[in-house]
Amino acid sequence: MEPGEKNNQLLFADEVVPGRGAGKKPWKVLIADDEEEVHAITRMVLNNFTFEGQGLMFLSAYSGTETKVLLQEHPDTAIVLLDVVMEEETTGLAVARYIREQLNNKFVRIILRTGQPGQAPERQVTMDYDINDYKGMNEVFKGRFG
């Protein structure tokens, strides 16, 4: 811009959402599920959630491969909501092992979600794969929807 020339560019302030901890980075939550409806419902249910004055930022992955890539790009992800069955019956378990062993990420909380709880026994899975929580899909949305 030349001296004396008027600047017609619009500048926008960062959006501040009330109750979302202005000035604090949001917690990153990775939704890893092959069903779009699960992503939409999860976002709807957790949209206004805050923890320690910080809101949430959602990342979405629809396969094990996408989940791995996003975790490499966002090593500061706080929570992974991880479906067991995506491309294969044990994709989520392979991703959990990848997070802990390949990425050596002990920080991220892994919440395993499955529509088929008998497929991966809870006690064995939480211990073998260093899972922080294990929920059947019927538990995840219990009481939220008719």
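Select the loop between helix 3 (91–102) and strand 4 (109–114), where Asn104 lies; helices (H or I, at least four residues) and strands (E, at least two) are DSSP runs, numbered from the N terminus. Asn104 has a positive phi of about 55° although it is not a glycine. Most residues other than glycine have a negative phi. At 53% relative accessibility Asn104 counts as exposed, where exposed means over 50% relative accessible area, buried under 20% and partly exposed in between (1.4 Å probe, protein chains only).

Before going on, note that this is a predicted model, in which local features need pLDDT of at least 70 and side-chain atom pairs count only at pLDDT 80 or more, while totals for chains, interfaces and linings use all residues. Residues are numbered from 1 along each chain as its sequence is written, and side-chain values use heavy atoms, with hydrogens and water left out.

Next, select Glu52, in the loop between helix 1 and strand 2. Glu52, which is not a glycine, has a positive phi of about 50°, and its relative accessible area of 55% makes it exposed.

Strand 1 (residues 27–32) and strand 2 (residues 56–61) run parallel and are joined by six bridges, two strands being paired if DSSP finds at least two bridges between them. To find one of these bridges, select Trp27, whose partner in strand 2 is Leu56. Strand 1, helix 1 and strand 2 make a right-handed β-α-β unit; a crossover is right-handed if, with the strands pointing away from the viewer, the path from the first strand over the helix to the second runs clockwise.

Select helix 1 (residues 36–46) and colour Val38, His39 and Thr42, which are buried. Seen down the helix axis, the buried residues of helix 1 fall within an arc of 100°, so they line one face of the helix; the arc is that of the directions from the helix axis to the C-beta atoms.

Stay with His39, which is buried at 0% relative accessibility. Not counting residues up to four places away in sequence, His39 touches Ile31, Asp33, Ser60, Ala61 and Tyr62, a contact meaning heavy atoms within 4.5 Å. Between His39 and Ala61 there are 22 residues of separation in sequence and 9.0 Å in space, C-alpha to C-alpha. The side chains of His39 and Ser60 are joined by a polar contact of 3.0 Å; such a contact is a pair of N or O atoms within 3.5 Å, and within protein one must be able to donate a hydrogen and the other to accept it, while residues adjacent in sequence count only if both atoms are side-chain atoms.

Thr42, also in helix 1, is buried at 3% relative accessibility, and its side chain makes a polar contact of 3.3 Å with the side chain of Arg113.

Finally, show the whole protein chain, whose elements run β-α-β-α-β-α-β-α-β-α from the N terminus on. Of its 146 residues, 36% are buried. Colour the chain by pLDDT, the predictor's confidence in each residue, from 0 to 100: the mean is 79, and 69% of the residues reach 70 or more. Over residues 10–21 the pLDDT is below 50, and this stretch has ten contacts in the model beyond near neighbours in sequence. Residues 140–146 are also below 50. Where pLDDT is low, the predicted coordinates should not be read in detail.
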